[in-house]
Amino acid sequence: MAATIIDGKQLSAKKRSELAIEVEQIKAKGLVPKLVVILVGDNPASLSYIRGKQKASEEIGVGFKLEHFPETLTEEELLAIIDDYNNNNEYHGILVQLPLPKHINETAVVEKISPLKDVDGFHPINIGRMMTGQDTFLPCTPAGIVEMIKSVGVEIAGKNVVVVGRSNIVGKPVGQLLLNEHATVTYCHSKTNNLSSYTKEADILVAAVGRANFIKGQDIKPGAVVIDVGVNRLDTGKLCGDVVFEEAKEVASYVTPVPGGVGPMTITMLAHNTVQSAKNFLEKA
Ligand code: NDP
């Protein structure tokens, strides 16, 4: 039987309408949640991701400002701009769009953002809180993945999870969040020997590699839940994931499509974090 598609667009629409209600409630208490996105340079992929973030913010009623600087902005200037927003009470979320130009140290930038406004969930303090299971801003892609799995009623506790990829923004944190949900987690990466011997044992398989059609049907355990994080552009211009979707559909129980899967949920979780931040500010006021 063909797998059920976990529709990220549909789940996002539902979550966004719930967030819109929360935003109304926050506004009724006199606070307008606001997000600032800082972009350095003109990376076309970044511009497209930012358009998605703006659309989601507008959809739920969150104020959105884009601060767009030329490639020549220095690290010192960027750190000073972040500091201004850290101290600006009108903004509850600060996001610096990555990647940054090579002359700017990404770690220094991420660490400069106040952990209280770090709606991307990349600050080491928030990552530490996530690892120790505390309430915090969770990184958006991993948090969206957990929501997607839960949305179809799949029990995570006790499951064998295999994450292919160990980046700081996707692979590592998604494994950690699923561990927090009591899964048994294995990480695979470019130095893993005999990768498919691991993937074939996964009840939940997360592919975050960045290689088109990397995971084939034969690498998937029958009945597995397959989450495809990859976004790869083919020579034809078409987007595709890390998983051969048509093959996965024949083997898995659930599979996420690309586009329309993890991508929309990532943006929705950013909106969620911004609303959460505004609520935190309101509580403190
Ligand atoms: P990175 O390039 O930072 O990480 C890729 C990971 O894949 C690395 O850990 C790498 O291993 C591993 N890898 C590479 N080649 C192999 C291989 N042959 N076998 C096993 N593992 C391998 O990418 P990201 O984590 O940032 O992103 C992954 C994908 O997800 C990309 O396509 C990206 O565009 C997409 N993405 C999608 C998002 C969304 O919202 N939908 C959000 C963020 C990312 P090693 O560590 O050993 O190098």
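Two residues are taken to be in contact if their C-beta atoms, placed from the backbone, lie within 7 Å. The model is a predicted one, in which local features need pLDDT of at least 70 and side-chain atom pairs count only at pLDDT 80 or more, while totals for chains, interfaces and linings use all residues. Numbering starts from 1 along each chain, following the sequence as written.

To begin with the overall picture, the chain holds 10 helices and 11 strands; these are DSSP runs numbered from the N terminus, with helices being H or I of at least four residues and strands being E of at least two. The radius of gyration of the chain is 19 Å, close to the 19 Å from the globule rule for 285 residues, so the chain is as compact as a globular protein of that length. Here the radius is taken over C-alpha atoms, and the rule is 2.2 Å times the number of residues to the power 0.38. Along the principal axes, the C-alpha atoms fill a box of roughly 50 × 40 × 35 Å. Of the contacts with a separation of 6 or more, 69% are between residues 24 or more positions apart.

The chain splits into domain 1 (30-115) and domain 2 (140-262), with bounds from an automatic or database domain assignment. Their centres, taken over C-alpha atoms, are 29 Å apart.

Now for the annotated residues. An unreviewed UniProt entry carries a "binding site" annotation that covers Gly165, Arg166, Ser167 and Val231; positions follow the numbering used here, feature names are shortened, and annotations may be inferred rather than shown by experiment. Gly165 sits in the loop between strand 5 (160-164) and helix 7 (171-180). Gly165 counts as buried because it has 24 C-beta neighbours inside 10 Å; the cut-offs are 20 or more other C-beta atoms within 10 Å for buried, 12 or fewer for exposed, and in between for partly exposed, with C-beta atoms placed from the backbone. Beyond its neighbours within four places in sequence, Gly165 is in contact with Val170, Gly171, His189, Ala208 and Val209.

Val231, by comparison, is found in the loop between strand 8 (225-228) and strand 9 (232-233). With 19 other C-beta atoms within 10 Å, Val231 is partly exposed. Leaving out residues up to four places away in sequence, Val231 touches Leu239, Val258 and Gly263.

As for the ligand, 25 residues surround it, the closest being Ser167, His189, Ser190, Gly210 and Thr266; a residue is near a molecule if its C-beta atom, placed from the backbone, lies within 6 Å of it. Helix 10 (residues 262-284) gives the largest share of this shell, three residues.
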